[in-house]
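The following paragraphs lead through the structure shown below, with attention to its pockets, its metal site and its core.

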Amino acid sequence: MAIRPIQIKGTEVLHQPAKPVDNFDQSLEVLVQDMFETMEKAPGVGLAAPQIGVGLQVFVYDWEDDEQARHRGVAINPELELFGSEKFNPEEHVEGCLSAPGLRFPLQRSPMVRLTALDLQGNKYTEIAKGWLARIFQHEFDHLQGLLYLDRLEGEYKEQADKEVSEQDWPKDSVWMPGVDYDAP
Ligand code: ZN
């Protein structure tokens with residue numbers, strides 16, 4: 001097990017679609033273990049493989065809801081269906097990303113999703129998620145399509161994000177090390 005450096009916006013792997021996993025072997029197990037460990041240390045509630053420089057369709061998540069129920073798992077080669085709409089609340093519906101450390105912006109998402117994915121053994125499962133977990137799934141799924149939440153911002157939030165991103169002036173192909181560099185966003 002190892003904590004792996006997290007890629008920062010601008011690195012190519014974050015901006016291109018990830019490839020499906022077809023070998024459910026030990027290297028996949030190590031990747032997923034490392035992703036859980038890296039996410040925990042960051043700390044974050046979700047992490048996609050491209051964020052640690054691996055262009056494969058894998059994300060992990062670990063989030064506790066208001067009733068202290070823990071939602072933890074791995075999604076491999078996921079599909080995501082979106083349901084419904086809700087009134088946008090810019091104070092509440094705020095996202096951050098470990099690949100854009102220090103920034104947070106409001107973004108409207110679907111309030112409900114159905115995730116269909118493979119687990120580490122290659123077995124298919126389905127999970128319905130609402131609220132914040134639905135947001136986590138949409139955020140991580142986007143990473144596997146080469147999209148950051150920043151790419152989805154609109155209007156004043158997009159303008160503000162463009163400005164703040166340019167102020168950050170992250171060097172090309174840069175990474176940060178959880179537990180060493182930034183505080184998580
Ligand atoms: Zn992210």
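**Pockets, zinc site and core**

Helix 2 provides the largest share of the lining of the second largest pocket, three residues. Helices (H or I, at least four residues) and strands (E, at least two) are DSSP runs, numbered from the N terminus. A pocket, on a 1 Å grid over the protein atoms alone, is an open set of points where a 1.4 Å probe fits, with protein on both sides within 12 Å along at least five of seven lines; lining residues have an atom within 4 Å of a point. This is a predicted model, in which local features need pLDDT of at least 70 and side-chain atom pairs count only at pLDDT 80 or more, while totals for chains, interfaces and linings use all residues. Residues are numbered from 1 along each chain as its sequence is written, and side-chain values use heavy atoms, with hydrogens and water left out.

Helix 2 also gives the most to the lining of the largest pocket, with five residues. Among the residues closest to the centre of that pocket are Cys97 and His139.

Cys97 (SG), His139 (NE2) and His143 (NE2) are the protein donors of the zinc ion, at 2.0 to 2.2 Å from it; donors are N, O and S atoms within 2.8 Å of the metal (3.2 Å for Na, K and Ca). Their spacing in sequence is C-x41-H-x3-H. Cysteine 97 and histidine 143 are both buried, that is, under 20% relative accessible area (1.4 Å probe, protein chains only).

Terms used. Buried < 20%, exposed > 50% of the residue type's maximum accessible area, 1.4 Å probe, protein only.
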